Structures are given as structure tokens and as C-alpha cells.
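Thank you all for coming; I would like to walk you through one model this morning. Please have the sequence and the structure in view as we go.

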Amino acid sequence: HVPVVDGEGSLVGLVSHRDLLGASLAMVDKAKTEFDKKNWLAHILVKDVMQKTVLAVNPTASVAQVAR
């Protein structure tokens with residue numbers, strides 16, 4: 001997972017391997033030429049694939065607290 005932060009450094013989302021894979025798979029449906037396939041990911045914005053609902057916890061929180 002890669003945290004996504006805004007200009008003030010606040011956490012606004014996360015990008016996971018699954019998010020990137022989903023964006024890659026979307027390429028198969030939309031890309032019509034080899035050029036499209038090679039350039040597809042360069043044009044997808046992180047804000048369009050990231051998970052926006054993110055919970056942040058203190059590193060001293062217990063696993064039991066986080067599981068609630």
C-alpha cells in the first residue's frame with residue numbers, strides 16, 4: 001500500500017496493488033491499439049484509482065482496538 005497525501009501532508013487515500021491491477025485490467029477493455037496499451041497507465045491519475053475511505057490509527061493502538 002502507498003499512502004496518498006494532500007499538500008498539507010494529510011492522508012487522503014491509499015493505493016494498493018489491487019488498485020493498480022484493476023487499472024491495468026481496465027486497459028484490456030479500453031485499449032484498441034498497442035500504443036494505447038503502452039500509454040494507458042501513464043494517463044490514469046492516482047485520485048481515480050485510490051481508496052478514499054481510509055482509517056488511520058496511532059502506532060501504539062492494539063490490534064484488538066483496530067479490529068473494532
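Let me begin with the surface: accessible areas here come from the Shrake-Rupley method with a 1.4 Å probe, and for residues only the protein chains shown count as cover. On that basis the accessible surface of the chain comes to about 5800 Å², and 59% of this belongs to carbon and sulfur atoms.

A word on conventions. This is a predicted model, in which local features need pLDDT of at least 70 and side-chain atom pairs count only at pLDDT 80 or more, while totals for chains, interfaces and linings use all residues. Residues are numbered from 1 along each chain as its sequence is written, and side-chain values use heavy atoms, with hydrogens and water left out.

As for confidence, pLDDT is the predictor's confidence in each residue, from 0 to 100; the chain averages 85, and 84% of the residues score at least 70.

Turning to the elements, helices (H or I, at least four residues) and strands (E, at least two) are DSSP runs, numbered from the N terminus. The chain has four helices and two strands, in the order β-β-α-α-α-α from the N terminus on. Confidence is highest in strand 1, residues 2-5, at a mean of 96, and lowest in helix 2, residues 34-39, at 69.

How do strand 1 and strand 2 pair, and over how many bridges? Taking two strands as paired if DSSP finds at least two bridges between them, strand 1 and strand 2 (residues 11-15) pair in the antiparallel sense over four bridges, and valine 2 has valine 15 of strand 2 as its bridge partner. Their hairpin has five residues between the strands, and in it glycine 9 takes a positive phi near 90°.
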